[in-house]
Amino acid sequence: MNQKNLHEVDWSKIPAPPDDGAAAHLTGLAIPPLSLIATDDNSVTLSALPGRTVVFAYPRTGEPGKISLVDDWDMIPGARGCTPQTCAFRDLFADLKSAGARHVFGLSTQSNVYQTEMASRLHLPFPVLSDEKLALTRGLKLPTMEVAGLTLIKRLALIIDNGRISHVFYPVFPPDRNAGDVLAWLKQNPV
C-alpha cells in the first residue's frame, strides 16, 4: 500500500487494538536508569528527569509516498496512526506543558536518523527518543508486536512523575485522540 496521506484516516475502517493486558504491570514501575538518543542530539535519561514527563510510544511513523512496511499494515490492530498521534501531541504541546508536563517525548524503535528527519518534517516542538536497541522496551517489558522481522512498540502513553510511571494509556485508539486524553488526565490530576 502506498502511504499517500498519513494524516487523514477513516478510523471506522481500521481495526482497534484489544486490551491484551500487556501494559497492566507498568503503573508504579520505576523507569530504568538508561539513556536514549533524542532527535535534538541529546541523550535523555527518563529516570533522572524531575517533575512530570509525558512519553507517547508508537510502532513507527510512515513516510509520505513510500511503501508501507507490509501490505496489510492498516489491518494490523494498533499499527496505523503514528503520524496522526504524533501531530496531535505537536498541536497540543503548549497545552500539555501548561497542564503540568515538564517534558514531552515521542518514542519508537526507529533509528534516530529517521526520527530526526520526521521531527523536522512534522515541525515537532519536542524530541523523539529512539529505542532502536530495545533497551527501554525490554527494561519495562513494554507491549510489542513483531512485523516484518522488526520488534515494534505497541501504541501507548506514559505519565512519569519523578522517574516513576504514575499512569498508562493503553490501548490507544483512535491514535489522534491520545494527546487530548492525556491533556484531560493532566488537568484532572495536577502535580
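1. Let's start with the aromatic pairs: the structure holds five of them, where rings of Phe, Tyr and Trp (its six-membered ring) pair if their centres lie within 6.5 Å, with planes under 30 degrees apart counted as stacked, over 60 as edge-to-face and the rest as tilted. The centres of the Phe56 and Phe126 rings are 5.6 Å apart and their planes stand at 85°, so this pair is edge-to-face. Phe56 belongs to strand 3 (residues 52–57) and Phe126 to the loop between helix 3 (112–121) and strand 5 (128–130), so the pair ties together parts 70 residues apart in sequence. Helices (H or I, at least four residues) and strands (E, at least two) are DSSP runs, numbered from the N terminus.

2. A word on the source: this is a predicted model, in which local features need pLDDT of at least 70 and side-chain atom pairs count only at pLDDT 80 or more, while totals for chains, interfaces and linings use all residues. Residues are numbered from 1 along each chain as its sequence is written, and side-chain values use heavy atoms, with hydrogens and water left out.

3. Back to Phe126: the rings of Phe93 and Phe126 have centres 6.0 Å apart and planes at 40°, so they form a tilted pair. Both residues, Phe93 and Phe126, are buried, meaning under 20% relative accessible area, against exposed over 50% and partly exposed in between (1.4 Å probe, protein chains only). Ring pairs link Phe56, Tyr58, Phe89, Phe93 and Phe126 into a cluster.

4. Do have a look at Gln115 in helix 3. Gln115 is buried, with a relative accessible area of 0%. Leaving aside neighbours within four places in sequence, its contacts (heavy atoms within 4.5 Å) include Thr39, Tyr58 and Leu129.

5. Strand 6 runs antiparallel to strand 7 (residues 150–153), joined by four bridges; strands pair if DSSP finds at least two bridges between them.

6. Finally, the salt bridges, each a side-chain nitrogen of Lys or Arg within 4 Å of a carboxyl oxygen of Asp or Glu: the count comes to six. In one of them, Asp20 meets Lys154 with the closest N and O atoms 2.6 Å apart. That pair links distant parts of the chain, 134 residues apart. Asp20 is partly exposed at 39% relative accessibility, and Lys154 is partly exposed at 22%.
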